[in-house]
Amino acid sequence: MDAGTQSTELTGSFTAAAWDRIAPVMAEIEVLPLLTRLSDGTLPPEVFRHYILQDALYLKHYARCLAIVAAKAPDNAQVLRFLGSAQKAITVEQGLHAGFLTQFGISSEDVTAAEPSPSCFAYTNFLLATAYHSSYAVALSAILPCFWIYWHVGEAIKSRPAIEGNAFQAWINTYGDPQFAAGAREVIALTDIAARAASPSERAQMMDVFVRASQYEWMFWDSAWRLETWPV
């Protein structure tokens, strides 16, 4: 089952409506130069280095967001399910980063010295602020696009013919992996559970942050392609 199929099976749910809402954003994500050229192995190494460094910075903050969201879960069952799915995603991504940092000659000192780009800084601060100051349901909706969009992109790229010698194949394999898909599906399910218990105004907030985080996903990849730095 791919990410697109998952959305159709959720017909009538909050997450199905949310996925429909971001259709224009997804259309733009699917044609991003960074992803297109990562898929065919022609992505310039300096662009990928920039991306993977920013992604390492992002993951450090995202992991803290996941911990905050888990702490707000309404019962132990949801705490455990959420922590389990979050752990899968973090473990998978950390393994991916470790391999690529070595492959592309990026040292731990480089990671320590790296500064977040404007887009990375804005995205992580949006997630942290939402996680701290919003309800469990709203915070969960904010962190969901990262799971779901990466799953969708990974599945889409994986379905294309493999390019022999593609230096980025491990990235494709990671986000097209059943383990990552399982974590994403669990977070989708938890979001729908939370939405069913939410008030109408809270569901409106859930939709707002889901859309905003999806826009930030586009910005993050686009900024890496442009080798974005602080202008002044």
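**Note on cavities and helix packing in the predicted model**

1. Asp55, Tyr58, Tyr123, Cys146, Tyr150, Glu217 and Phe220 form the lining of the largest cavity. The structure is a predicted model, and the points below should be read accordingly. The volume of this largest cavity is about 40 Å³. A search of the whole structure returns one cavity of 30 Å³ or more.

2. Three helices each supply at least two residues of the lining of the largest cavity, namely H5, H9 and helix H12 (200-225). By class, five residues of this lining are nonpolar, none is polar and two are charged.

3. The largest pocket is a separate item, with a volume of about 210 Å³. Its lining consists of Ala56, Leu57, Leu59, Lys60, Ala63, Gln94, His97, Leu101, Val111 and Thr112. Two or more of these residues come from each of helix H5 (45-72), helix H6 (76-103) and helix H7 (108-113). H5 gives the most to the lining of the largest pocket, with five residues. The class count for the pocket lining is six nonpolar, three polar and one charged.

4. Helix H9 (residues 136-158) packs with helix H11 (residues 178-197) at an angle of about 150°, and their axes lie 9 Å apart. The angle makes H9 roughly antiparallel to H11, because angles over 145 degrees are counted in that class. The two helices cross in a left-handed sense.

5. The contact of H9 with H11 involves Tyr136, Ala137, Leu140, Ser141, Ile143, Leu144, Phe147, Trp148, Tyr150 and Trp151 on the H9 side. On the H11 side, it involves Phe180, Ala181, Gly183, Ala184, Arg185, Val187, Ile188, Leu190, Thr191 and Ala194. By class, this contact has 16 nonpolar, three polar and one charged residues.

6. Helix H2 (residues 14-21) packs with H12 at an angle of about 40°, with the axes 10 Å apart. The arrangement makes H2 oblique to H12. H2 passes H12 in a right-handed crossing. Phe14, Ala17, Ala18, Trp19 and Arg21 of H2 meet Arg203, Met206, Met207, Phe210 and Val211 of H12. By class, eight residues of this contact are nonpolar, none is polar and two are charged.

7. H2 also packs with H9, at an angle of about 70° and with the axes 12 Å apart. That makes H2 roughly perpendicular to H9. The crossing, in which H2 passes H9, is right-handed. Here Phe14, Thr15 and Trp19 of H2 meet Ser141, Leu144, Trp148, Ile149 and His152 of H9. The class count for this contact is five nonpolar, three polar and no charged residues.

Technical notes
Residues numbered from 1 in each chain as written. Predicted model: local features only at pLDDT ≥ 70, side-chain atom pairs only at ≥ 80, totals over all residues. Heavy atoms only, no water. Axes fitted to C-alpha atoms, helices over the stretch in contact; angles between N-to-C directions. Helix = DSSP H or I, 4+ residues; strand = E, 2+ residues; numbered from the N terminus. Parallel < 35°, antiparallel > 145°, perpendicular 65-115°, else oblique. Left-handed = near helix turned anticlockwise from the far one by under 90°. Contact = heavy atoms within 4.5 Å. Nonpolar A, V, L, I, M, F, W, Y, C, P; charged D, E, K, R; others polar. 1 Å grid on protein atoms, 1.4 Å probe; cavity = no way out; pocket = protein on both sides within 12 Å on 5 of 7 lines; lining within 4 Å. Points joined across faces, edges and corners; volume = space filled by probe spheres on them.
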